[in-house]
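Hi,

Here is the structure I promised to send over. Have a look at it first, and then read on for what turned up.

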Amino acid sequence: MASYYKSDFRTGVGDGSLPAISTELEAIRSFQFEVHFNGLPAGVGSERDLVLAAKKVDSVGITAEDIIVERANDKVYYPGKVTPEELKITFDNLYLKNTSKALYEYFTNTYDPRTGSLGNASDVKTGQIDIVMLSNDLTPTHTLSLIGVYPKKYTLGQFQYSENQFHTLEVNFRFDYMIHN
């Protein structure tokens with residue numbers, strides 16, 4: 001069995017010529033992104049549009065369920081109902097931007113524990129989250145837009161003296177539609 005490394009792709013280096021190197025393989029790095037909140041409900045922070053420092057954005061996805069059609073001797077599948085998955089974002093709790101307070105006020109549009117009231121769908125689902133992916137020189141390459149977003153869960157990170165890390169905040173979101181531009 002011939003080795004890939006001894007094939008034609010790797011020969012010719014000793015005679016002064018260089019092998020062809022692909023320049024089309026640059027990938028989007030997982031740590032180069034921004035999270036934008038657009039059209040937040042009134043009363044959330046000081047602005048309706050907010051860019052926050054996110055430490056981590058968990059996997060974002062939608063799933064199409066199968067419709068199974070069984071015939072006498074075989075099965076065939078067709079795409080069925082599409083369900084968006086829950087999104088979890090971990091934020092650095094920044095005190096200059098009042099991150100925890102702004103996100104808590106956003107959550108109180110879903111459910112306000114101070115009054116015990118649930119929010120109306122027209123008030124709660126006003127926001128849009130844009131996850132902007134950046135290239136190596138920090139120019140935007142793609143945008144993942146989540147539409148019909150509302151915060152579902154608000155969790156402050158653990159308070160402890162034993163670690164030398166920044167305090168975090170996790171917020172889970174539900175969304176209706178995802179557009180990848």
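This is a predicted model: local features need pLDDT of at least 70, side-chain atom pairs count only at pLDDT 80 or more; totals for chains, interfaces and linings use all residues.

I67 counts as partly exposed because its relative accessibility is 43%. Together with V69 and Y78, I67 makes up a nonpolar patch on the surface. The accessible area of the three residues together is about 260 Å².

Now for the aromatics. There are six aromatic pairs in the structure. One of them is F37 with F91, a tilted pair with 6.1 Å from centre to centre and 40° between the planes. F37 sits in strand β1 (residues 33-38) and F91 in strand β6 (residues 87-92), so this pair ties together parts that lie 54 residues apart in sequence. Both F37 and F91 are buried.

F37 also pairs with Y106, this time edge-to-face: the centres are 6.3 Å apart and the planes are at 85°. Here, too, distant parts of the chain are linked, as F37 is in strand β1 and Y106 is in helix α1 (residues 99-107), 69 residues away.

Why do F37 and Y106 count as buried? The cut-off for buried is under 20% relative accessible area. F37 comes in at 1%, so it is buried, and Y106 is buried because its value is 2%.

Cheers

Definitions and conventions: Residues are numbered from 1 along each chain as its sequence is written. Side-chain values use heavy atoms; hydrogens and water are left out. Patches are made of residues with over 30% relative accessible area and no salt bridge: like charges are joined within 9 Å, nonpolar side chains (Val, Leu, Ile, Met, Phe, Trp, Tyr) within 5 Å. Accessible areas come from the Shrake-Rupley method with a 1.4 Å probe; for residues, only the protein chains shown count as cover. A salt bridge is a side-chain nitrogen of Lys or Arg within 4 Å of a carboxyl oxygen of Asp or Glu. Buried means under 20% relative accessible area, exposed over 50%, partly exposed in between (1.4 Å probe, protein chains only). Rings of Phe, Tyr and Trp (its six-membered ring) pair if their centres lie within 6.5 Å; planes under 30 degrees apart count as stacked, over 60 as edge-to-face and the rest as tilted. Helices (H or I, at least four residues) and strands (E, at least two) are DSSP runs, numbered from the N terminus.
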